[in-house]
Amino acid sequence: MKHTKILALATLLIGMVAEGQAQVFQIIQKDGRAPKFQAAAVDSLSHNNAEGLTTIHLKDGKKETFQKAATDSIVWYDPTNSILGTLRQNAGYTLFLRLVQESEWWTDMLNGATDLTVFAADDNAWQRFFAENAKLPSPNPWRTATSYEALTADQKRALLYTAITAGSINRADLIRTKSLAAGLEALEHLSGSEVPMHYNPAEKWYWERFHEANGGKGIWLASDSSFRYTSFFTPEKLKTFNVTETDLSIIFPAKAPQMANGVDILQQDIPATNGTIQDVASPLVPLQSMADVIRTNGKTNIFSHILDRFSAPFYSPVLTESYKKIHPEFTDSIFTKRYFSYNNYSLKGGYLGGNSWNVPLFEPGPWGTYQSYNPYKDNSDYARGLRFDPGWAGYYYEVAPEKDMAAMFVPSDEALWHYFTKGAGQALILTYYANIGTADEIPYTAPTNYDELYRQIDCIPVSTMASILVNNNMMRSFTGSVPSKWGKLFDDAMEPLFDDADEALGQLDTCLLANNGMVYVMNHINMPADFRSVTAPAFASKTNLIMKSAIYDDYMGLNYYTYLKAPQQDITFFLPSDSALFYYYDPISMKSRTPRAIEFYFAGGSFPVKLRFRNYYCPYNTSGPDDPDLGTIGNVVPGANVYTNDEVTDRLKDILYNHTIVNDGTQDIHSRNEYFRTFGGDVVKVVRDASGRIIGAKGGFQMENERLGIANDTPGVTECKVIRSYESLSNGQTYALAAPLVPTWRSLYSLMTNDQDQAWYGKEGYGGETPYSEFYKLCTADEYETEIIGCGLVDGSLPRTQRESALKKYKIFTSDKGLDYNFSLLSGNTPYTAFIPTNEAVRKATSQGLPTWDDIYKDYHSHASGDQLNSYEDSIRIAEKIMMLTNFVKAHFCFGMAIADQEPFRREYTSLAYDRNYELFPKLIVDSKGGQEMTVTDWNGNTVNVTASKNVFVRDYTCNSSPISVAMKGIQMNAHRSGVVHLIDGVLGFTGN
Amino acid sequence: MKKIYILILCSVMAATLHAQGGFGTYLRDIIEKQEKGILGMARVIEACGLCDSLDILMDYEYENRYLRGLIPTTIQDNIMYRSAYAPEHRRYGYTLFAETDDFWLSQGIDPNDPELLGKLTLWILDNFQYNGFGYFTNDGNYESEDNLLNQWVTYHLLPHRLVPDKLVNHVNEYGYSISNPNRLTIPVTEYYVTMGKRRLLKLYESAESDGVYINRFPHLDDGRQGSGHEIACDPDKEGIRVDRENYIMDCPNAIVYPISQPLAYTDFVADNLHRTRLRFDITGLFPEFSNNDIRCSKITDDRHQYVYIPSTNTYPYLDDLTVSNDANMIYYNAWNMGWCNLNGDEVGVTGRYDVTLRLPPVPREGIYEIRYKMLAATSRSITQVYFGTDKEKLSPAGMPIDFTRNINNMQAGWQADTGDNDADQLVDTELRFNGVMKGAQSITQNGTQSERAGNQNSRYILVRQRMSPDETYYLRFKNVLDSYNKSLYMDYLEFCPESVYDSREKPEDIW
């Protein structure tokens, strides 16, 4: 086809006609008219130069006159080789031709001068198309198109408009092209029962007046009024966007590499004088939007229901008037279905200014007019926004709509059913539907059909649903989210969308192409980590507000959620509910003036967690083990509601760390073991039922109370029962507890001496001989500073601080603002094990030459004048004895907790003894055959057995202020150190004289 | 118009440089002219097919994008409140340690001999100049990385162009001052990854060594109260002295150091490396920093002090480090600013960073700790570390780490050194148990205050696992806080073999 500007109209025309260069020519007028003439029909030409007129005289007697000034150009072409002509010359396109030729206008267009691209299917393809349509699910509007005769006028129009697109589609950077279809081809009538609905009475139901329940008679609905796009993929085009052939083979398995609207292009770019023909394997139907694909494909009904909560009907005067022109008998109104979103037709169309959240209160009308229509409840509807409107055919984000489209990862019905009934989503249902733990609690039963499920999930606030959907499943770019890039996709929280891209690929069910994006139907849920990790039961909860605040809020200064959301971990999280946190037995208060139980409660505001206190009856404020009050909670502590926020955060941090177990390969909650180290270095013991399920747990406090023989039903005194288990979370499991796990108050000193300090206060039943007494006597270096300094091990002339620091390495216990005396061989929050020889074993060792402090004292003072030793040799001898004794004691402690448990193990532990020759700390080998039997072998090869007295857990605290015999106001734990104590039937690191 | 002019000028320059040729052309020239000196080495390099890649002078695509403004030339650094400048070029460069022709003649091998390759291969085998634990072929396919001769010659080549005063870097080692640069003190070491099959080459210099040596393994006075100095060196561990006086720099992208002893990655070298704690300055891992005069530049203008490296998507400037889009990477040269980092410099990646680093190889199969130096600050973040061999599928290495906490407020047992060995050793052991270590004694602020003394400095033990020299490992650091104001600090990392950190004979030194 050729164009030419008018230089001398008459001359040109005469020339063309004479030479037969054109069989048809069109004279394009500046006013838009473009009459055309067959050259063979022209009889003669005449011209009037004075007036600039040229007249064409046709053989049939008609004539047309043109002004040169009013003429833009002349176009001439040979219609034999036009698109229509080319198709006519090829046998087998009768049905497509029939479709075209039903419209004179389209016949002219395909024969004419306009540059077009046509997607034409042959007759066989049409027959296959009709046969496949019969198998479509019932919501699909093409289900009835089972023969040419069965096609409705609207369907014919849709097929035709979709098959033809203006211009060339071969630019490498375009993957979509605007077809001429717009809106009405997908018009459908939803009956009064088919109208979208939801069950949440707190939200506006935008479709209410159309639903039969309210007397509504349904609604005429077109999904969108914007032009449809036809997607056109070839390997060359997609390479521009780094979309690989493997991506294409995944998205369209068993398809040719080039396709339009998902249909194979069998032969590309067949030339014609007015464009190109793409021979396609099936007639192109206008694709539905992603929203409609999700609604009609049969596999994603639940997700479609969730999406509908973000939708509302908007009256469309444009479509209504257009339709009425075609169907004058139509008297109803046509609406479009829009979704509340941050990117939509109205925003991009310039109908909105300022903030992007508001969908307009009107619909654009013909020629720039507007019709007022307000379906909104109130301005808070903006909070319901999706990332973009999935029903908007003309979707685009940053680049032109021809260059990209969107994508959505949509969980299948099966995946969503499992999520809400068995997975992390159950926590949402329990919270928002069953109101678990609140006064409005209702019994929860698992749903048995979709309607029952919808009633439950519709109780989840739409803003919560928005953050689940917005953050994770809606991708702004199709080319940026093809399968080869799944490993690099992140949600808004910078979490990888897929923990394992290959695994995600294995969970891809189907790929469905829409006119505005790709729908990946997944047998997998992409939820933000907040909703699928071990934090989920706290995050989406009305009854775990305290722990949610502790995990997420800034005042804690912890960002603890980063640990609990850590991907590819196996974490066990014990979650005490708000009511459970009424029973926090403050461990550092036990030897204060007011041993207490702290009640945490959630008050909201900038510092939302508050405290109340009640008396707690512990061993130190009761008359003894037979006191009936022991282990019970008393009255409110009067005048005690004065505390600092630092105390709150201090206790909450300790709770968080000691309710988290990391199953890191050195321990596994799924094993038979009962004891597990917490993230904070303490120990938790789990209680299992006969099948191995965890039904309870104990912290050090609970275990110590049990050891003391306390037995009462007060929550959390001897056990914390599991009230609910969440075992299918993405990075572990969460157990909701009826009371919090509390670490023990019992220090190593307290255990070894039976609270000798209490005896000093005059209380009965404390002190005296214990199974650890003899060894404890070896740990009393703090009483022998004179001797340590006197023999020269520490320079007595040092300033006090330095002298104290130097003495520290000989002392096992020091006073350090704890509940009594702290184990001081270690400085940090470092867990340790104490293998304490029985009294008999110690006596045997001393009889074999192990010095005692008593020996050292006697030796020293029998060779001293005053405090001064008599000779250098005496100093050496005393010093040797002290070092030997100190090292002997230290040999019975090691880094880390060696716990006698069910599973066998054999591990090395670094002792605290010091080998001066090698400047190393030698190792102990702990060997357990399981079933709580354990032996310890030292570096001399000497093996001892752990006796029946094992696994006693202790904890030392260093507070900001001494908590002994004081009121507890403002006292926090600065540091703590947890240990496990075993009694052994021999000694370590000593070979006799 | 100006841009076009510059583009044309660059093209002309490029054409000129091409005509001049790179190292490959230089070596071919030597062969053609039968020039004595390093003729033998040149012939081997050429036979192994390396000349073409040695000829590449610079990355012209980077030049193009830089000039067209497709790479941001400056960004504002919000840590130091200065402008940081992207490098103008991305040059390639090489260092060759070459046995001289005289050496080969002394070995009975004539560099002119047509049978040179075969004879040299035989010499390598006869003299055990190879790694017995490694895989190699002897099939005459010299261009293969598995070929014995190829492995041998590539061990002489570094993809860094190291001028004589940059073979090692004397900046802030203990006792050293840049104001008295000739007064060397304790040893400084660099470990570089060679070309071809990835192996480590150690460069070393101390006050006692009298020059820079390759693969020297001396005895050090590295006790707690030691001086840190070299006190002795067994004759078989002296290594190979680098002749810095007679280097050859006749082509624009390479430098040649003659050596008078044979260099090879032998079992002896690998075993000694395996008994060593290997400390890598982060910027020493990037040839781009060496070849573009970025690392340890003594020029103190902002362009050299604050160097912006674009994100990988903008342009993959560094082959061994990828940086996500939402973060800015800046190299702080910090010359003469007294920063307590290894060599004084550091890298900061600020934003929602996601950084993946290709690690150097280990010398032998075994269990190693990978430690990472951290300087705690409130501008740091909580970071998830990943480790593994599949760059796209690395596994988390433990729980996220809060890099804002210093070693003291971690409650890991930090106490300042007292001078009492067993007390101090106990503190170190307790810290190790809790996954951290104090900083290194050898790294100081201005030569005196050691990084070990401060509780802001620590070394995190990120990984402890079996590693193989035949695998390539990656570390990835990902910011798990949703914040653009947090930064990843990068100074140095260490590979420490089990035989060092868990020795039954002596504790790991504090240096």
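How many salt bridges are there between chain A and chain B? The count is six. That number comes from a predicted model, so a word on confidence comes before the rest of the interface.

Chain B does well on that score, with an average pLDDT of 93 and 96% of its residues at 70 or above.

Now to the interface. On the chain A side 46 residues are in contact, and they meet 42 residues of chain B. Putting the two chains together buries about 3,400 Å², with carbon and sulfur atoms giving 55% of that area. One salt bridge joins the side chains of Lys809(A) and Asp420(B), at 2.6 Å from N to O. The interface of chain A and chain B also has 15 residue pairs in polar contact, counting pairs with both residues at pLDDT 80 or more. On the side of chain A that touches chain B, at least two residues each come from α21 (561-564), β42 (905-910) and β47 (973-984). The largest share belongs to α21(A), which supplies three residues. Sorted by type, that side of chain A has 23 nonpolar, twelve polar and eleven charged residues.

Within chain B, four strands make an open sheet in the order β5-β6-β7-β10, with antiparallel pairing. The edges are taken by β5 (188-193) and β10 (240-241); each has a single partner strand, so one side of each lacks a neighbour in the sheet. Inside this sheet, β6 (residues 200-205) and β7 (residues 213-214) of chain B pair antiparallel over two bridges. Here a tyrosine faces a tyrosine across the strands, Tyr204(B) standing opposite Tyr213(B) of β7(B).

Strands β43 (residues 923-930) and β44 (residues 933-937) of chain A are antiparallel partners over five bridges, and Val926(A) stands opposite Val936(A) of β44(A). Two residues lie between these strands, and Gly931(A) in this hairpin takes a positive phi near 65°. β44(A) then pairs, again antiparallel, with β45 (residues 943-945) of chain A over three bridges. Thr937(A) sits opposite Thr943(A) of β45(A) in this pairing. The hairpin of β44(A) and β45(A) has five residues between the strands, and Gly941(A) there has a positive phi near 85°.

Notes:
Residues numbered from 1 in each chain as written. Chains lettered and ligands numbered in written order. Heavy atoms only, no water. pLDDT = per-residue confidence, 0-100. Contact = heavy atoms within 4.5 Å. Buried area = accessible area lost by both parts, 1.4 Å probe. Salt bridge = Lys/Arg side-chain N within 4 Å of Asp/Glu carboxyl O. Polar contact = N/O pair within 3.5 Å; in protein donor to acceptor, adjacent residues only side chain to side chain. Nonpolar A, V, L, I, M, F, W, Y, C, P; charged D, E, K, R; others polar. Pairing = 2+ DSSP bridges.
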